[in-house]
Amino acid sequence: MNKHFFFEFKEGFIIAITAIFSNKIRSILTMLGIVIGITSVVTMSTAIRGIDNSFQEGISSLGTDVLYIDKWAWFSNVEWWKMRNRKSITMEDYDKFRSMAQLPLASAPVANTGQRVKHKEKYIDRVIINGSTADYLKTTNFTFSMGRFYSEIESKSSRYVAVIGSEVAKNLFPLGDALDKEIKVGGVAFRVIGVLEEQGSIILGNFNPDNQVFVPIGTIFKHFMGQSFGSVTINVRAVSPALVEETKVEAQSVMRKIRGLGYQEPDDFSINQQEGLMEQYNQVVGVIQIAGIFITSLSLFVGAIGIMNIMFVSVRERTREIGVRKAIGATRKTILLQFLLESSTICLIGGFIGLLFAVILSQVIDRFLPTSVQYDAVFLAIGISLITGIVAGLAPAYTAAKLDPVEALRYE
Amino acid sequence: MNIITIENISKVYKVGDTEVHALRDVSLTINKNEYVAIMGPSGSGKSTLMNMLGCLDTPSNGRYEFKNKNVSAMTDNELAAIRNREIGFVFQTFNLLSRSNALHNVELPLIYSGISGAERKDRARKALVDVGLEERIHHKPNELSGGQRQRVAIARALVTNPSIILADEPTGNLDSKTGEEIMILFNQIHQTGNTIILVTHEEYIAKHADRIIRLKDGYVHSDEKVLDRYIPTIN
Ligand SMILES: Nc1ncnc2c1ncn2[C@@H]1O[C@H](COP(=O)(O)OP(=O)(O)OP(=O)(O)O)[C@@H](O)[C@H]1O
Ligand SMILES: [Mg+2]
């Protein structure tokens, strides 16, 4: 019985292949919907994986236990022009915060600007220059491949010393001899006193955590304030991730006091954290996913209708053949199987072509977002095309199977 | 031993409001190794009767026994199995699969009876040799002459060793010389112990059989032994 089924399966498959190849153009046109559907589903999942990868790695450099008190909210429903009208967060605000807030492990003011960083003939444009205090180190997990962070004295007296990220070091000092060398930051000379180890992070947008320079905040105010935002960010590190919420509550009330806000007034600052970024990110990805599923199901649906249509045509064209097959002993099941095999073969071939396109497309995507087509996407593609084939083929195959043999043989 | 017994078979087609009586009260028995010709004017019910005997169609009334089994009570799958194993069809228009070569066409019934690849190929090849087509095994139908196509169809009918061969105007689409060659083949098939029922419009073709049943308006008009039977000879 199983052997029997196998022969019929094989015969059905041969018929399917013959039918598909003897009608090449028609088959290709029929496959198009499936090809597009599978290409989009696989490319979409690959792209999302890429976004995910780079986001996860990018966000890890922000730290889960750090709060960022800022004039601007990273994500919020407050309109940007309302935030623009907020008062800047000043160094005085920071000093008050530092003495009033009890819970933080450390807090540091950060002012940044983008500048060209130069050593002799070599230079990099738009490097993020972070000005801060010695406390900044405590709000990060920095490890040094060379040298050290600047000290409290250096920061208080605004010395021209700089700690550079691994990417900056690699580009300006390919020989690895950065220490004590002079670099020009936007034309101002600094002495390199430390080189950070690579944070192994992936570029997120145009933010690369290894492509930064850290200097005492006073030098920023002195030379680049006009070009910076004019407001500092206060990086606040909680003692542990478990204490982030409490630290945040305290930070909020301290900030309100410092800013002299009345009971009814809304905050005129924002406390940002990685978590909010995460939520926002998940929302965006969710929308992309829903849009992706929608486009994919639409093209698969159109593809399925095309296949159903062509299968009905095929059944009609081969009515006599069906009659002959029945006359020499094909059962309804055999005929049903034959046409289901044909529709699923068309879909599977379409699925593989779609997969091929997706692999090519993901190689293009890979240049921006490191990613690749994964096994689960391959199985998904095969599964979806197979199911589409069976669903689309069912009605035509059933029509063929229940044809009356005499009528079928008589069909002109 | 009788292979086929039908009793009071009738077949009524409804076309709109009118009823067409394609067969009325037909009773027959066909014995093993008989060679029967069915004749009658166009529309007299010959094809309808053949389809009935071949288990392709079911009667409106009456009883049909094939090798003492009640066909009327059979399921669709059982009918398919009977058609596959017990009956070999030969059609006027050959009805070969145009995309398959001769060998695969002949193999087809064996595929449906679940016979494995090697044996299937052997038997199909042998059947093609038996009908004189050893040179044309890999030809597709459109690369064969009408007579050769009909030989492929006959090989396909014979390959399962059926109990009966049903041929509905097998020479209808062939010129008289080619038709005669096919009749020589049928004669050989009959002589090796097979049972044959053949529909024809031609008196001289019918004379090859040993019994002629004449239909008229769905009735059996006459059913007689052929006294002056024509035995074709190969020259
Ligand atoms: N599916 C059908 N629907 C309606 N009437 C039918 C159908 N099939 C056959 N008939 C009618 O039944 C009668 C017998 O038809 P059948 O095909 O058996 O004739 P036949 O003897 O084979 O004729 P011919 O020599 O032309 O092949 C005819 O009157 C035909 O019109
Ligand atoms: Mg007829």
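Which of the 16 residues around ligand 1 come nearest? They are A:Arg410, B:Ser42, B:Lys46, B:Ser47 and B:Thr48. The model is predicted: local features need pLDDT of at least 70, side-chain atom pairs count only at pLDDT 80 or more, and totals for chains, interfaces and linings use all residues. Residues are numbered from 1 along each chain as its sequence is written, chains are lettered from A and ligands numbered from 1 in the order in which they are written, and side-chain values use heavy atoms, with hydrogens and water left out.

**View 1. The shell around ligand 1.** The site is shared between chains, because residues from chains A and B surround ligand 1; a residue is near a molecule if one of its heavy atoms lies within 4 Å of it. By class, the shell has five nonpolar, seven polar and four charged residues (Asp, Glu, Lys and Arg count as charged; Ala, Val, Leu, Ile, Met, Phe, Trp, Tyr, Cys and Pro as nonpolar; the others, Gly among them, as polar). Helix 1 of chain B gives the largest share, three residues. Helix 13 (405-410) of chain A and, in chain B, strand 1 (2-15), strand 2 (18-31) and helix 1 (46-53) each supply at least two residues (helices, H or I with at least four residues, and strands, E with at least two, are DSSP runs numbered from the N terminus).

**View 2. Polar contacts of ligand 1.** A polar contact is a pair of N or O atoms within 3.5 Å. A polar side-chain atom of A:Arg410 lies 2.6 Å from a nitrogen atom of ligand 1.

**View 3. An aromatic pair in chain A.** The whole structure has eleven aromatic pairs over all chains (ring centres within 6.5 Å; planes under 30 degrees apart are stacked, over 60 edge-to-face, the rest tilted). A:Phe5 and A:Phe9 form a tilted pair, 6.0 Å centre to centre with 40 degrees between the planes.

Key. A polar contact is a pair of N or O atoms within 3.5 Å; within protein, one must be able to donate a hydrogen and the other to accept it, and residues adjacent in sequence count only if both atoms are side-chain atoms.
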